[in-house]
Amino acid sequence: MTTVGILGGGQLARMLALSGAPLGLRFRVLDTVADACAGQFAPLIVGDYRDKLALAEFASQVDVATFDFENVPAESAQWLSERVPVFPNPRALSIAQDRLVEKTLFRELGIPVPDFADVADRAALDAAIAAIGVPCILKTRRLGYDGKGQFRIKSAGDVDAAWDALGTQAQTVGLILEAFVPFERELSVVAVRGRDGAFRTWPLTENWHIDGVLSASLAPARVDDALARTALAHARTLGEALDYVGVFALELFCRDGVLLANELAPRVHNSGHWTIEGSETSQFENHLRAVLGLPLGDTRMVGHACMLNWIGAMPDANAVLREACGHWHDYGKEPRAGRKVGHATLRAETAHELAEALTRVGEALGRTDIVAHAAGIG
Ligand code: AMP
């Protein structure tokens, strides 16, 4: 009996545990809160990620460890890796935790990125703005996610407000200034690399955001083959450079046929949830196969898929369940503003059928954004 340990007990850990059940796997989850939703399916250890006693208890109960949360302190991941195999490796995790280090690596690897600069203090911000220009975005280097820890600087007049909002963090989590990319599309490559170096990607995914939070993903993305091949090649370059094991997502902006890398998520990713029903092997199953050293499953798509995120509260399930191609995922979380509480995936043989189903769901839920996405698909 193999037990997989997961640091972080949110919906990603929950879906990992669900996908591991048919493989005969057991799970242990470490999370800071007692109601972490993965705890509904796997024994939960409640403790801080820096707490050596909790980490030691966790390590003693698992054969291999992985993450559902990338902000586990790198020292904790390192400490754990001296006791039990940890995938992805702590170096990959720590690179992905720091936007400056991550973007510097992308550039070194020949993966294009938006212009960026380190912002150590107010003078450095002024210098960075002079070099990069406006509009631009000031972001925390570490601990930012889903658009949090970011300030958009639209014109020179916004610089004081940006510094007031984030300046105190320059000395704690660090700051980075990035050029604002007026992208046509946001894309992500969800990829998996095995312990033996085997590498696979799912078809390129197209993502829509509302207020910096993913709202919907479409696969395959509406881009030409050459662009998709470039994106997948970037992911392979990155996976190999990091000696990565497991699933990761590379988020990209597409502008005028050019790809610019935004960030690496060193874990299964929200933009890969559609793979549960929309591909031969889901990102969750393949992540487990990778960290366990098992052969990777085929990543080919089964039809066309669109995933809709439910944020804050679950909508009426019937709107999705009455669709022949509708699949419902409720994470078992309490509703809370801004919280990802579930998702749905619609999968159809053709883009046209997918668009029709999406339109019906959007109309039933009064979601004009979903109806608008549908209009662009079919
Ligand atoms: P992030 O936390 O970096 O993934 O940012 C959240 C969202 O903000 C992204 O998905 C984009 O929609 C937007 N965003 C972040 N960085 C940029 C940028 N440099 N240019 C334009 N939009 C951005």
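Domain bounds are those of an automatic or database domain assignment. In this predicted model, local features require pLDDT of at least 70 and side-chain atom pairs pLDDT 80 or more, whereas totals for chains, interfaces and linings use all residues. Residues are numbered from 1 along each chain as its sequence is written, and side-chain values use heavy atoms, without hydrogens and water.

**View 1. Domain assignment.** The assignment gives domain 1 (3-86), domain 2 (115-179) and domain 3 (185-375). The centres of domain 1 and domain 3, taken over C-alpha atoms, are 23 Å apart.

**View 2. Interface of domain 1 and domain 3.** In contact (heavy atoms within 4.5 Å) are 19 residues of domain 1 and 19 residues of domain 3. Buried area is the accessible area (1.4 Å probe) lost by two parts on being put together, summed over both; here about 1700 Å² is buried, 70% of it on carbon and sulfur atoms.

**View 3. Salt bridge at the interface.** One salt bridge is found across the interface of domain 1 and domain 3, the term denoting a side-chain nitrogen of Lys or Arg within 4 Å of a carboxyl oxygen of Asp or Glu. The side chains of glutamate 70 and arginine 267 form a salt bridge at 2.4 Å, N to O.

View 4. Four strands in the order 5-8-6-7, paired antiparallel, make up an open sheet. Strands (E, at least two residues) are DSSP runs, numbered from the N terminus, and two strands pair if DSSP finds at least two bridges between them. Strand 5 (116-119) and strand 7 (150-153) are the edge strands. Four bridges join strand 6 (residues 136-140) to strand 7, and cysteine 136 stands opposite isoleucine 153 in strand 7.
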